[in-house]
Number of protein chains: 4
Amino acid sequence: MAGSIYGTVFRITTWGESHGKALGVVIDGCPAGLELEEGDIQLYLDRRKPGVTRIATPRKEADAVEIMSGVFEGRTTGTPISLMVRNTSQISGDYSEIASCYRPGHADYTFDRKYGFRDYRGGGRSSGRETVGRVAAGAIACKILKKLGVTVCAYTRSIGPVEADLSEFDRQAILETPTAMPDRKADAAAVAYLESVRRDTDSVGGCMECLVEGIPSGIGDPVFEKLDANLAKAIMSIGAVKAVEIGDGHEVSERRGSENNDGFRMEEEKTVKASNHAGGILGGISDGDSIVVRAYVKPTPSIFRTQQTVSGSGENVEINIKGRHDPVIVPRAVVVMECMTALTVLDSMMLNLSARMTYLTSFYGSESK
Amino acid sequence: MAGSIYGTVFRITTWGESHGKALGVVIDGCPAGLELEEGDIQLYLDRRKPGVTRIATPRKEADAVEIMSGVFEGRTTGTPISLMVRNTSQISGDYSEIASCYRPGHADYTFDRKYGFRDYRGGGRSSGRETVGRVAAGAIACKILKKLGVTVCAYTRSIGPVEADLSEFDRQAILETPTAMPDRKADAAAVAYLESVRRDTDSVGGCMECLVEGIPSGIGDPVFEKLDANLAKAIMSIGAVKAVEIGDGHEVSERRGSENNDGFRMEEEKTVKASNHAGGILGGISDGDSIVVRAYVKPTPSIFRTQQTVSGSGENVEINIKGRHDPVIVPRAVVVMECMTALTVLDSMMLNLSARMTYLTSFYGSESK
Amino acid sequence: MAGSIYGTVFRITTWGESHGKALGVVIDGCPAGLELEEGDIQLYLDRRKPGVTRIATPRKEADAVEIMSGVFEGRTTGTPISLMVRNTSQISGDYSEIASCYRPGHADYTFDRKYGFRDYRGGGRSSGRETVGRVAAGAIACKILKKLGVTVCAYTRSIGPVEADLSEFDRQAILETPTAMPDRKADAAAVAYLESVRRDTDSVGGCMECLVEGIPSGIGDPVFEKLDANLAKAIMSIGAVKAVEIGDGHEVSERRGSENNDGFRMEEEKTVKASNHAGGILGGISDGDSIVVRAYVKPTPSIFRTQQTVSGSGENVEINIKGRHDPVIVPRAVVVMECMTALTVLDSMMLNLSARMTYLTSFYGSESK
Amino acid sequence: MAGSIYGTVFRITTWGESHGKALGVVIDGCPAGLELEEGDIQLYLDRRKPGVTRIATPRKEADAVEIMSGVFEGRTTGTPISLMVRNTSQISGDYSEIASCYRPGHADYTFDRKYGFRDYRGGGRSSGRETVGRVAAGAIACKILKKLGVTVCAYTRSIGPVEADLSEFDRQAILETPTAMPDRKADAAAVAYLESVRRDTDSVGGCMECLVEGIPSGIGDPVFEKLDANLAKAIMSIGAVKAVEIGDGHEVSERRGSENNDGFRMEEEKTVKASNHAGGILGGISDGDSIVVRAYVKPTPSIFRTQQTVSGSGENVEINIKGRHDPVIVPRAVVVMECMTALTVLDSMMLNLSARMTYLTSFYGSESK
């Protein structure tokens, strides 16, 4: 179990390193008959591209996706969809220093301890570039969910001390601002703040959030495969995420039951909740309300200061990281969060198809037999 | 995939409802040759027992465990270990009202939506009693980990506004206080606080934390099977948990990189970190430091007040929950967190045995062949 | 991965040893709303009971099943169904000799090599009694399949040289004859033959076959999860099975393509095959015809003759097996084959529900959204 | 679960169609530190190449493999190894006729029934070319097994009525003869026989066998994950295989116990069996003897005769298959059988590392802690 396979029936296998030939993903279990072309996927890959503004690293990464299998005459065939993105602009010479010592906050040390050695070029498999495969697969999951009436939308909630005001949610701003905030004013403030962080040769953390709207009730399974448990795994598996919350999250620990319970009531012949502290999930199963997931992301560990560390041969050394690094991880991680959420929700919805005998008998039409 | 199976090589399957005949778990993949007797497991089950103090519900639940298979002459045989706990004191008459309407904050509504109907007696499978199976299996995982030099220890960090002072960590107090806090002073304050909550016919949330000490570096896998991702799933799968954190958790979002990075240094010929903001995991793999996991738990949804809700037949109704319910969930969930953490860590350690060619060749001794 | 879990979405976990307290199975993923009572399961367990006739061992095994969870008011709830059968008549004193040496043809030696020691009482987990859990779970799978219009029927094809004549298939005879043959004449001949085998203090092998009728086309998945591949695993996992065939099986190796191809033709507006050499599966996917699976079973390894073997301490010794053993395994294995086939087919049918986008959109009704 | 993922800890995901851009495989869970270069894999891919002799189809398929990830400085890193083979000589124009009707003996009809449409070019995903990914991954498994002292060797046993004489096993002949038989005389006879089959515009079946030598005892798991059960699945998943046997296979059904039991005896302080009817596996676990697996393969379904079939629109039609097709499948399937066997055995050996507490404690060295 090396860890690069995700999902139960909609299963993805990602591969590739920061400075290898290419990165990619194989999707096994995608339903047949979905219209799919490279543009559907490119749209999402472009959202994780750097270089759009000054806050992101100016490396050029074209990240053009190629569909290698599983699509015929414009539609998915039900067999594995292989997607590949070639690495074009990686220069291996940049990373010679980190070959011999461990960058604080990175996985250099732990990869060495696990495997005995590591691909040190740009972080190898532990690089943020690993997410290319997740996003390519997630784009397909998002497209399917849209057809099922479910939309998934992630955005930046805060960068350091600068918080987006969600009361006037500007969905377009997520795609257009360098910070991926749904609030253009907060975006401007965050960009200015990041400039000062960069001048300090430092970096900063942030918070991102994801909404799942239109999901029917009844999705998810009890006990270990709770929908929120699977979302927690999916989101925590994104590099640099250190906390995951559902609904009101850590704030519930100081809450009273009388405040925190969401009462039910009938509204136009539908059961709804008067509030959504629960974040759309009760007992691990969706309640029909919007699902709210939140993730807290640590500051970029690569900073342009002298740091204390040790070498692979066990000596105390100083390290000065070179290259180009974003002062904050969140804006580029937002689309990854959206994709991991979509993959998780879709898988649960596909598994739900056999939850009741009546679903089976109506599908196989056998009551009449 | 109904959700009651957990783990990849050390796999458990739990079963049983609040008011059924019994609850249990089957452990498949437990290594052969472990000394095991019922007392090893009873010790952990007793920690989730209610009725010890006034803060917990006074129902009598003996929860005596019986080993049904997999142990021969006092040792595990490598084949499935079946553990069973009979339900002795459940009276089904108590729960007639919740059969017909949905308790706010509970899974009644979502189970109905998923399955078309539900076992309404005491919450059925979504009851806290479901954790009996987790704890019984976790007791075995803890015993194995101890033999491998790893200890797992969970405790209450806060109840409502009352926080334990961890600077003078009193490990014995966790087992002896009604709140499972490692601080007897805070425990007393919390008990007093809970009395006032109960008088208000209300409930309150809290925070629990788990330490994994002695775990070697190199445990966990990259990308989707990161150790922290699996811990997040394990802990979020415990009923009422709404947030999971690793290391400094949500606080990193306002942190600078220069503060948050843990520098490495040599200490007695060993690589150590100068601090542990990361909580013992880098890039999803253990770094040899203690692992720190934190969970935020919502207030008990069963409160003794009139609440607004709807009936199964779609009418707005008022509900008054009867029975006996703890005003806080955390103290009894602490041992569940400890067990889920142990199950996750052990599974990762077992999977790690084939991470390198040298491990395989030394085990199968074939270089000489 | 100890091996006692089977299935992807309809998952079963079996447990228990020949001479332990009990044996059982947990079914996780059974759809909600199925009427289920103990009698449904007992029917199948009774078919694997010995003692019906002289050819089977006269040990009394009542094998009364108890539903421990997952059924409420007579219907499955969608949560784990735990089934248990107590061992009532096992006397541990019978098996002292095999504790110290390895019976030829049994798993004593290999269990010792794998686990370092073994539960030697009656074969422990490698005893035929292990199949109690499979049959209990399979009974439920059969019941569900029947509701979907699919029937599964296994029977004895031959015992030693005595073959059933399938041209006048007598379905009732399978349940009523001691050999489980669908041919009463062959049954009588086989019983006489088995008497002579027993007088020779010997045993004999046989062949069993299973038909799946009414299965729709399109079930199964390409490449590794072919329906025939999964059937092969399911059936080969039954103790003593040494060969598994689909359709015409090993005979195809001497066949010409022109003889072996099944031509298609239209019949009453339905596509049918002119013959069924393929056994109902093409490219791993059901073609709508009956599925035919065959298994060849070795002779009972326990024979009442002196055999050469070695002891656990590494000395050449002679062994004389005591106890009561059937001279042929097949008749009691027939119901196990039926159950393993049903479990496999049902799992594939449940997984098939998400094979096409149109299935998803029609289930979630979202084209209109 | 679309079916293109295989293995539990050494996991492979294959992708690609007959006439797509490329085919490939991702191996996740390969131990770190294995020396690996493209030549190691090419060696195996070349064995499944056609065009070597007259009996195989003369299409040119270069099948040059490219390592896309997971190898750094000549050694595996422990992260996913992505292998790709470009399709170079496929001309899509060849296959227009089969777009509109169902070839007998092929998966055209069942793919249509499952997915609603299919990639009809050359069989798409159900083509024999799908095995490119299996063989590329299997080459790595074979290399690892060799380092562990285990060799896997498959060969043709018979083609139609022509059987290889195994008494003078010529291992080199397997690689050098067009039939992959370990007997040059039988090879010549088989080639002549195939010429006559081709003149008859017909095809023929055959039998292949695989030996696993040097495997230690104790590999495999009881009940559902028996080593022979997993081998049966692995081999039955190869297109055109209709029967799988272990050891003496279907012949045991007419055998007496006294003939079929393999007695144990001590030989140079080692426990050995006096015979190997069991084929190296007892109770699903390897006994230290050679493992013997056999597979029976149907005749090539593509024959150059007019056949009766139906069209996609439901009319009775005649089909005349064009193109180039081997008159027998076995010789090119032999390396696939070798690879599937190797993948299965390696996975079991990796899982076996945690079978005993003493393995864990000695690896983690903690008894001293």
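Predicted model: local features only at pLDDT ≥ 70, side-chain atom pairs only at ≥ 80, totals over all residues.
Figure 1. On the side of chain B that touches chain A, helix α2 (residues 108-115) of chain B gives the most, with seven residues. Sorted by class, that side of chain B holds 43 nonpolar, 36 polar and 26 charged residues.

**Figure 2. Extent of the interface between chain B and chain A.** The size of an interface is often given as the accessible area lost when the parts come together. For chain B and chain A the buried area is about 8500 Å², and carbon and sulfur atoms give 59% of it. B:Lys114, B:Phe224 and B:Lys242 supply 11% of the area that chain B buries against chain A, more than any other three residues. The contact involves 105 residues from chain B and 105 residues from chain A.

**Figure 3. Strand pairing between chain A and chain B.** Strand β11 (residues 241-246) of chain A and strand β11 (residues 241-246) of chain B run antiparallel and are joined by three bridges. Within this pairing, A:Ala243 stands opposite B:Glu245.

**Figure 4. The interface between chain D and chain A.** Here 45 residues from chain D meet 45 residues from chain A. The area buried between these two chains is about 3800 Å², with 61% given by carbon and sulfur atoms. Two salt bridges are counted between chain D and chain A. In one of these, the side chains of A:Lys21 and D:Glu66 meet at 3.1 Å, N to O. Several elements give two or more residues to the side of chain D that touches chain A, among them β3 (22-28), β4 (65-69) and α2 (108-115) of chain D. β2(D) gives the most, with five residues. This side of chain D divides into 17 nonpolar, 15 polar and 13 charged residues.

Figure 5. D:Thr79 lies in the loop between β6 (75-76) and β7 (81-86) of chain D. D:Thr79 counts as buried because its relative accessible area is 4%, under the 20% cut-off. Beyond its neighbours within four places in sequence, D:Thr79 is in contact with A:Glu17, A:Phe111, A:Arg125, D:Ile27 and D:Gly70. The side chains of D:Thr79 and D:Thr77 are joined by a polar contact of 2.7 Å. D:Pro31 is 48 residues from D:Thr79 along the chain, and their C-alpha atoms are 8.4 Å apart.

Key. Residues numbered from 1 in each chain as written. Chains lettered and ligands numbered in written order. Heavy atoms only, no water. Helix = DSSP H or I, 4+ residues; strand = E, 2+ residues; numbered from the N terminus. Buried < 20%, exposed > 50% of the residue type's maximum accessible area, 1.4 Å probe, protein only. Contact = heavy atoms within 4.5 Å. Polar contact = N/O pair within 3.5 Å; in protein donor to acceptor, adjacent residues only side chain to side chain. Buried area = accessible area lost by both parts, 1.4 Å probe. Nonpolar A, V, L, I, M, F, W, Y, C, P; charged D, E, K, R; others polar. Pairing = 2+ DSSP bridges. Salt bridge = Lys/Arg side-chain N within 4 Å of Asp/Glu carboxyl O.
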